[in-house]
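Please examine the structure shown below together with its sequence.

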Amino acid sequence: MSDALLREPQQDRSRATRQRLLEAAVESLAEVGYAATSAAVVAARAGVSRGAAQHHFPTRADLFAAAVEYMTEVRLAEIRAQAGRLPSGPGRTEAIVGMLAEVYTGPLFRAALHLWVAASTEDGLREQIVRLEAHVGRQAHRALLDVLDVSERTPGVRETVQGVLDMARGLGLAGLLSDDSARRRGIVRQWSRILDRELLSGPVGG
């Protein structure tokens, strides 16, 4: 058997180990917070050794930033796929905005929020999270433009789409301590009407 063929299973195992670590980091952050989520805790959740975890992620900040980035990209890919299966016509925009709101009201958002709070007082982590947020923000903005099938070349589109993302983040914060789902549905419905009127019916302000 060639060296290349021998390396393939090893690379597959390495990718699987890395993915388990990323998923375990997000789960632990969402459930118990930043202070209680050590590298050892994540390794134990993932079922791997501490040494294996350090091989993939030398520092705690590296692990957490990579975990949130990975899970965000997975969730945005799911939204793109789900949006592609939605029927066109009335109700489509509300379904898309509803899916977006779910991103900011689930475990991924709670995990990210714990990191934001910790980053406000830890310089090393702050550098990682600022870079991550810039990347994730661009990805989310582009995904929403794509699934709504609108162009930033239209005046006002960029600001309106960014407003929807900011709204979704605010809904996530509002729902952290209590069930805010009833109010959230009304806000999603109203923002969907705004999007249909301002973005899909012609140039904003036209």
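The account that follows begins with the chain as a whole and then turns to its parts.

This is a predicted model. The chain has nine helices and zero strands, so that, read from the N terminus, its elements run α-α-α-α-α-α-α-α-α. Along the principal axes, the C-alpha trace spans about 60 × 45 × 30 Å. Of the 206 residues in the chain, 37% are buried. Among the contacts with a separation of 6 or more, 68% are between residues 24 or more positions apart.

Apart from residues up to four places away in sequence, Leu-115 touches Leu-29, Tyr-34, Phe-64, Val-68, Leu-125 and Ile-129.

The buried residues of helix 7 are Leu-125, Gln-128, Ile-129, Leu-132, Val-136, Ala-140, His-141, Ala-143, Leu-144, Leu-145, Val-147 and Leu-148. An α-helix has 3.6 residues a turn, so residues three or four places apart point the same way. The buried residues of helix 7 pack against helix 4 (60-85), helix 5 (92-103), helix 6, helix 8 and helix 9 (181-198).

What follows directly after helix 7? Asp-149 is found there, with a positive phi of about 60°. This is a positive value in a residue other than glycine. Asp-149 has its place in the loop between helix 7 and helix 8. With a relative accessible area of 68%, Asp-149 is exposed, because the cut-off for that class is over 50%.

Helix 5 has twelve residues and reaches 17 Å from its first C-alpha to its last, close to the 16 Å expected at 1.5 Å a residue. Its buried residues are Thr-93, Ile-96, Val-97, Met-99, Leu-100, Ala-101 and Val-103. These buried residues of helix 5 pack against helix 4, helix 6, helix 7, helix 8 and helix 9.

How do helix 6 and helix 8 pack, and at what angle? Helix 6 (residues 107-119) and helix 8 (residues 157-174) meet at an angle of about 90°, with their axes 11 Å apart. The two helices are therefore roughly perpendicular to each other. Helix 6 contributes Phe-109, Leu-113 and Trp-116 to the contact, while helix 8 contributes Arg-169, Gly-172 and Leu-173. By class, the contact has four nonpolar, one polar and one charged residues.

Three further residues illustrate contacts made across the sequence. Arg-75 is found in helix 4. Is this arginine buried or exposed? Arg-75 is buried, because its relative accessible area of 17% falls under the 20% cut-off. Leaving aside neighbours within four places in sequence, Arg-75 is in contact with Gln-82, Met-99, Glu-102, Val-103 and Leu-108.

Arg-20 lies in helix 1 and is partly exposed, with a relative accessible area of 35%. Arg-20 and Val-42 are 22 residues apart in sequence, and their C-alpha atoms are 9.2 Å apart in space. Leaving aside neighbours within four places in sequence, Arg-20 is in contact with Ala-46 and Val-48.

Trp-191 is found in helix 9. At 22% relative accessibility, Trp-191 counts as partly exposed, since that class lies between the buried limit of 20% and the exposed limit of 50%. Trp-191 and Thr-160 are 31 residues apart in sequence and 9.9 Å apart in space, C-alpha to C-alpha. Not counting residues up to four places away in sequence, Trp-191 touches Thr-160, Gly-163, Val-164 and Met-167.

Conventions
Residues numbered from 1 in each chain as written. Predicted model: local features only at pLDDT ≥ 70, side-chain atom pairs only at ≥ 80, totals over all residues. Heavy atoms only, no water. Axes fitted to C-alpha atoms, helices over the stretch in contact; angles between N-to-C directions. Helix = DSSP H or I, 4+ residues; strand = E, 2+ residues; numbered from the N terminus. Parallel < 35°, antiparallel > 145°, perpendicular 65-115°, else oblique. Contact = heavy atoms within 4.5 Å. Nonpolar A, V, L, I, M, F, W, Y, C, P; charged D, E, K, R; others polar. Buried < 20%, exposed > 50% of the residue type's maximum accessible area, 1.4 Å probe, protein only. Expected span 1.5 Å × (residues − 1).
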